[in-house]
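User: Hi! Could you walk me through this model once it is up on the screen?
Analyst: Happy to, just ask away.

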Amino acid sequence: MKQIDEKITAIINHFKLNNYAFSKRIGVTGTTIDSIVNGRPQEDGTRKKTKPGYDVLSAIIEEFNINPDYLFGKSEVMLKQDVAQIQTYSGVPQVISVNQENEENVVYVPVKARAGYLDGYGDSEFIETLPSFNMPQLNNGTFRCFEVQGNSMVRTFFDGDLVFGKYVEDLNDVKDGRVYVIVSKNDGIVLKRVINRIEERGKLILKSDNKDGNYPTYTIDAEDIMEIWYVTMFASKQMPEPIDVYDRLHDLESKLVELQERLKNKVLNN
């Protein structure tokens with residue numbers, strides 16, 4: 001990684017200046033800049049470079065529109081205008097669908113449409129190609145229906161299930177331990193249980209309900225999130241397996257019926 005003197009030298013060269021002209025632009029002496037980039041002569045013949053102070057760094061950033069993270073070793077991008085603009089989360093969906101009564105429809109995103117959705121979630125023409133329907137019980141907000149893909153949430157949701165999500169207007173409203181559909185450029189569309197660390201770290205922690213070891217917990221940065229939907233309802237083709245207590249009761253009931261039949265037969269035979 002470049003040292004601070006090397007970065008200041010790179011800035012001087014970028015603007016095709018010499019040390020003296022550069023020093024005048026930021027309001028310091030030429031000797032100050034020379035001591036930073038070339039160093040002060042020492043008795044043993046070496047040169048000791050001076051660390052720039054806060055005032056010098058601030059003047060460089062202000063005068064030449066320098067990206068502060070470049071000087072402080074957090075970025076290789078020198079100029080502010082070259083820093084990619086961070087996408088901020090939108091408090092409303094970019095596109096909604098309505099019926100003839102001007103009521104919002106629930107847009108359905110099947111697995112086969114997932115790839116297109118990542119580029120077309122803000123495109124009204126694309127959204128119009130997706131199936132949509134009205135559900136009277138889903139009328140307080142904007143809802144979207146996603147088809148579940150994979151087994152990362154097995155125990156709760158299965159491949160092919162349908163989950164209905166309500167659009168989250170503010171990332172700070174994401175509640176720990178609840179299930180959400182998260183749409184992002186890097187990870188696509190994922191269904192996960194979420195821990196909210198937006199305020200402390202600018203991240204969400206995404207967890208899977210499947211505990212077979214193939215689905216590790218990971219984080220996602222707030223700026224990577226395009227949409228997030230709070231799962232409020234789901235539809236499944238999977239019938240839940242009977243729980244152990246039910247099995248025991250069922251077995252006990254069966255034995256009781258058999259015992260009653262034996263007693264009945266014994267009475268008849270006597």
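User: In which sense do strand 3 and strand 5 pair, parallel or antiparallel?
Analyst: Strand 3 (residues 106–109) and strand 5 run parallel, joined over 3 bridges. Strands here are DSSP runs of E with at least two residues, helices are H or I runs of at least four, and both are numbered from the N terminus. Two strands pair if DSSP finds at least two bridges between them. This is a predicted model, where local features need pLDDT of at least 70 and side-chain atom pairs count only at pLDDT 80 or more, while totals for chains, interfaces and linings use all residues. Residues are numbered from 1 along each chain as its sequence is written, and side-chain values use heavy atoms, leaving out hydrogens and water.

User: Thanks! Which residue in strand 5 is the bridge partner of Val107?
Analyst: Val107 has Arg144 as its bridge partner there.

User: How many residues of strand 5 are buried?
Analyst: In strand 5 (residues 143–147), 4 of the 5 residues are buried. Buried means under 20% relative accessible area, exposed over 50%, and partly exposed in between, with a 1.4 Å probe and protein chains only.

User: And what is the strand order of the open sheet?
Analyst: The open sheet has 9 strands in the order 4-3-5-6-11-7-8-9-10, with mixed pairing. Strand 4 (132–133) and strand 10 (218–221) are the edges: each has a single partner strand, so one side of each has no neighbour in the sheet.

User: How many bridges join strand 7 to strand 8?
Analyst: There are 7 bridges, and strand 7 runs antiparallel to strand 8 (residues 188–197). Ile182 stands opposite Val190 in strand 8.

User: Switching to aromatics: how many aromatic pairs are there?
Analyst: The structure holds 9. Rings of Phe, Tyr and Trp (its six-membered ring) pair if their centres lie within 6.5 Å; planes under 30 degrees apart count as stacked, over 60 as edge-to-face and the rest as tilted. One of the pairs is Phe22 with Phe64, stacked at 5.1 Å centre to centre with 10° between the planes. That pair links distant parts of the chain, with Phe22 in helix 2 (residues 19–26) and Phe64 in helix 4 (residues 54–64), 42 residues apart.

User: OK, salt bridges now. How many does the whole structure have?
Analyst: The search finds 7, each being a side-chain nitrogen of Lys or Arg within 4 Å of a carboxyl oxygen of Asp or Glu. Among them is Arg193 with Asp209, whose closest N and O atoms are 2.7 Å apart. Arg193 lies in strand 8 and Asp209 in the loop between strand 9 (203–207) and strand 10, so the pair ties together parts 16 residues apart in sequence.

User: Is Asp209 buried or exposed?
Analyst: Asp209 is buried, at 6% relative accessible area, while Arg193 is partly exposed at 24%.
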